[in-house]
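Q: I'm new to this one, and I'd like to learn how to read it step by step. Could you walk me through a few features?

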Amino acid sequence: MRWLNALGALLCALLIVGCGKPPVHTQESFVFGTRVELLVAEADAAKAKSAGAAVLREFDRLHRNYHAWQPSELTALNEAIAAGRERAVSSELAALLVEARSM
């Protein structure tokens, strides 16, 4: 009976250890002049790095396309509005403007 209790205790300990949180991997970048810290909870470091890189690539894309002071689709639209001209925009920017207007 004693070995059964010991086995039960060992199994409980293994279950508790197995339920631990996966390690958190961090990456940092600057987006729109703001420091962004990205935390990815993933046991596989390569997967975490790949996921983090994909998110940071998307942030970089948004930064390039919608920067308010550097040449971008947004600055081109602002210049057209200031000059009283119409300007076609991407469907993504149009959707962002519609959403912003409804807020």
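Q: Which helix is Phe59 found in?

A: Keep in mind that this is a predicted model. Phe59 sits in helix α2, the stretch that covers residues 45–66.

Q: Is Phe59 buried, exposed or partly exposed?

A: The idea is to look at relative accessible area: under 20% is buried, over 50% is exposed, and in between is partly exposed. Phe59 comes out at 26%, so partly exposed is the label here.

Q: What is Phe59 in contact with, leaving aside its neighbours within four places in sequence?

A: For contacts, you look for heavy atoms within 4.5 Å. With those sequence neighbours set aside, Phe59 is in contact with Val31 and Val36.

Q: How many residues apart in sequence are Phe59 and Phe30, and how far apart in space?

A: Here you read two kinds of distance for one pair. Along the sequence, Phe59 and Phe30 are 29 residues apart, while in space they are 9.0 Å apart, going C-alpha to C-alpha.

Q: Let's turn to charges. How many salt bridges does the count come to?

A: You look for a side-chain nitrogen of Lys or Arg within 4 Å of a carboxyl oxygen of Asp or Glu. By that rule, the count is four salt bridges.

Q: Which salt bridge does Glu58 make, and where do the two partners lie?

A: Glu58 pairs with Arg61, at 2.8 Å from N to O. Both residues belong to helix α2 and are three residues apart, about one turn of the helix.

Q: What does the salt bridge between Arg61 and Glu92 tie together?

A: Arg61 also forms a salt bridge with Glu92, and their closest N and O atoms are 2.8 Å apart. Arg61 is in helix α2 and Glu92 in helix α4 (residues 91–101), so this pair ties together parts that lie 31 residues apart in sequence. Glu92 is partly exposed, because its relative accessibility is 30%.

Q: And which residues are linked in a network of salt bridges?

A: One such network links Glu28, Arg35 and Glu37. Within it, the side chains of Glu28 and Arg35 meet at 3.2 Å, N to O. Arg35 has 43% relative accessibility, so it counts as partly exposed.

Conventions: Residues numbered from 1 in each chain as written. Predicted model: local features only at pLDDT ≥ 70, side-chain atom pairs only at ≥ 80, totals over all residues. Heavy atoms only, no water. Buried < 20%, exposed > 50% of the residue type's maximum accessible area, 1.4 Å probe, protein only. Helix = DSSP H or I, 4+ residues; strand = E, 2+ residues; numbered from the N terminus.
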